[in-house]
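Reader: Could you walk me through how to read helix packing and strand order in a model like this one?
Author: Gladly; let us look at it together.

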Amino acid sequence: MPSTFRIGGDLDVRRLGFGAMRLPTEPGSGRENALAVARRAVELGVTLIDTAHLYGGGANEELLAEALHPYPEGLLITTKVGVVRTGPGGEWKLDGRPEILRDQVQQALRRLRTERIELLQLHRIDPDTPLADQLGALRELQTEGLVGRIGLSEVTVDELERARALVDIVSVQNRYNLLDREHEPVLDACAAAGIAFLPWRPVAWGKTGAEGEIAAVAAELGATPTQVALAWLLDRAPVVLPIPGTARTGHLEENVAAAGLRLTPAQRDRLDRLAEGAQGAPG
């Protein structure tokens with residue numbers, strides 16, 4: 001399997017990325033460690049980092065800018081918009097109204113200290129706002145040069161098809177891992193169309209006894225179960241770009257090393273069979 005993928009056919013990234021959601025943003029030692037983890041990810045060769053307005057109401061975006069700006073050439077920080085807080089300390093809810101999406105993109109540009117977001121993803125499709133209005137707003141931002149490419153998150157095959165009839169979709173970010181393959185049809189659709197598929201929660205363990213088989217494969221390879229789970233994702237299809245997240249440098253280094261792991265066909269077959277009976281298992 002190739003180690004890189006071109007999102008939208010022209011944005012080249014290493015396939016194993018980093019999800020920044022878990023990085024603490026509050027002042028103190030936790031934040032200092034988070035800055036170090038983000039910088040270490042880039043040192044290890046990660047070129048795809050995922051964040052979102054939802055993660056601290058933009059605080060995660062600010063953290064990444066503090067850690068990494070001015071950004072090294074080839075680094076892609078992708079963010080997501082379309083979720084708002086209902087009030088001070090209130091619940092988050094979907095809001096895909098064009099004025100909200102535009103405001104959150106402008107906030108992201110300021111927080112990330114950039115003039116253009118190369119990959120912007122709609123965090124969820126808002127059922128209360130026409131899809132054409134949501135994607136139309138993102139297309140306008142793209143036309144203005146503020147957004148480079150458009151992606152979606154947590155969508156069905158039908159939603160993906162309807163969105164592609166309106167704008168060019170270059171990425172999809174859905175929940176998917178070795179033991180949770182609910183969105184396998186979406187992944188297959190992305191693979192067929194050459195659309196990047198970013199599995200969130202790429203590592204999750206169920207309570208079905210499958211962990212024993214994963215541990216057995218890990219022992220055969222001299223690796224960890226987490227590395228096996230990530231290697232399986234990378235082996236699943238060339239469009240898969242896992243974005244495991246962590247706030248610990250040791251775990252980050254372990255995750256990145258998974259890109260060098262190679263499963264045998266027999267090991268791959270054993271892992272493929274684990275999803276049977278594991279759908280919806282607690283992570």
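Reader: Is the crossing of α8 and α9 left-handed or right-handed?
Author: First, a word on the basis: this is a predicted model, where local features need pLDDT of at least 70, side-chain atom pairs count only at pLDDT 80 or more, and totals for chains, interfaces and linings use all residues. Residues are numbered from 1 along each chain as its sequence is written, and side-chain values use heavy atoms, leaving out hydrogens and water. A crossing is left-handed if the near helix is turned anticlockwise from the far one by less than a right angle, and right-handed if clockwise. Here, α8 and α9 cross in the right-handed sense.

Reader: Which residues of α8 and α9 make the contact?
Author: Contact means heavy atoms within 4.5 Å. Thr-226, Gln-227 and Leu-230 of α8 meet Glu-254, Asn-255 and Ala-257 of α9.

Reader: What order do the strands of the open sheet have?
Author: Helices (H or I, at least four residues) and strands (E, at least two) are DSSP runs, numbered from the N terminus. Two strands pair if DSSP finds at least two bridges between them. The seven strands of this open sheet follow the order β3-β4-β5-β8-β9-β10-β11, with parallel pairing. β3 (18-19) and β11 (196-197) are at the edges with a single partner strand each, so one side of each has no neighbour in the sheet.

Reader: How many bridges join β5 to β8?
Author: Three bridges link β5 (residues 76-81) with β8 (residues 117-122), and the two run parallel. Val-81 has Leu-122 as its bridge partner in β8.
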